[in-house]
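Me: Could we go through this structure together? I would like to start with the overall picture and then turn to particular residues.

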Amino acid sequence: MQQSLELLENPLLAHPDARVDRAYVLNVVAADAMRSGDGARAKLLLEEVLALFKEAGDRWGVTRAVHNLGTNDTYMGDYTAAKRRGEA
């Protein structure tokens, strides 16, 4: 986790060509937030992950981000949001 946070500080990940790389790192941080029970933080991070994958045109990444958002919705008890994401 600490290594992921340190990677986010790397200026190379701020470059537009590094969108997918940044999304993967943010996804790891979001997963850690989910595991620690911070669903609100995970949701914010995963929404950024989704936006980055969309900007990069990475369809697999978009699918993975939507799945992870739905999983987080389930962990947070928001089954309606999880179902809506699964139908998108």
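**Overall picture**

Reply: Of the 88 residues in the protein chain, 33% are buried, where buried means under 20% relative accessible area, exposed over 50%, and partly exposed in between (1.4 Å probe, protein chains only). This is a predicted model, in which local features need pLDDT of at least 70 and side-chain atom pairs count only at pLDDT 80 or more, while totals for chains, interfaces and linings use all residues. Residues are numbered from 1 along each chain as its sequence is written, and side-chain values use heavy atoms, with hydrogens and water left out.

Me: How many helices and strands does the protein chain have?

Reply: The protein chain has five helices and zero strands. Both kinds of element are DSSP runs numbered from the N terminus: helices are H or I with at least four residues, and strands are E with at least two.

Me: Which residues of H3 are buried?

Reply: The buried residues in H3 are Gly 39, Ala 42, Leu 45, Leu 46, Val 49, Leu 50, Leu 52 and Phe 53. Seen down the axis of H3, they fall within an arc of 165 degrees, so they line one face of the helix; the arc is that of the directions from the helix axis to the C-beta atoms.

Me: What do the buried residues of H3 pack against?

Reply: They pack against H2 and helix H4 (59–75). Contact here means heavy atoms within 4.5 Å. The face of H3 turned away from its buried side carries the exposed residues Leu 44, Lys 54 and Glu 55.

Me: What comes after H3?

Reply: Gly 57 follows H3, and its phi is positive, near 75 degrees.

Me: Changing topic, how many aromatic pairs are there?

Reply: The structure holds two aromatic pairs. One of them is Tyr 24 with Phe 53, an edge-to-face pair at 5.3 Å centre to centre, with 80 degrees between the planes. Tyr 24 lies in helix H2 (residues 19–35) and Phe 53 in helix H3 (residues 39–56), so this pair ties together parts that are 29 residues apart in sequence. Rings of Phe, Tyr and Trp (its six-membered ring) pair if their centres lie within 6.5 Å; planes under 30 degrees apart count as stacked, over 60 as edge-to-face and the rest as tilted.

Me: One more aspartate: where is Asp 17?

Reply: Asp 17 is in the loop between helix H1 (2–8) and H2. Asp 17 is exposed, with a relative accessible area of 69%.
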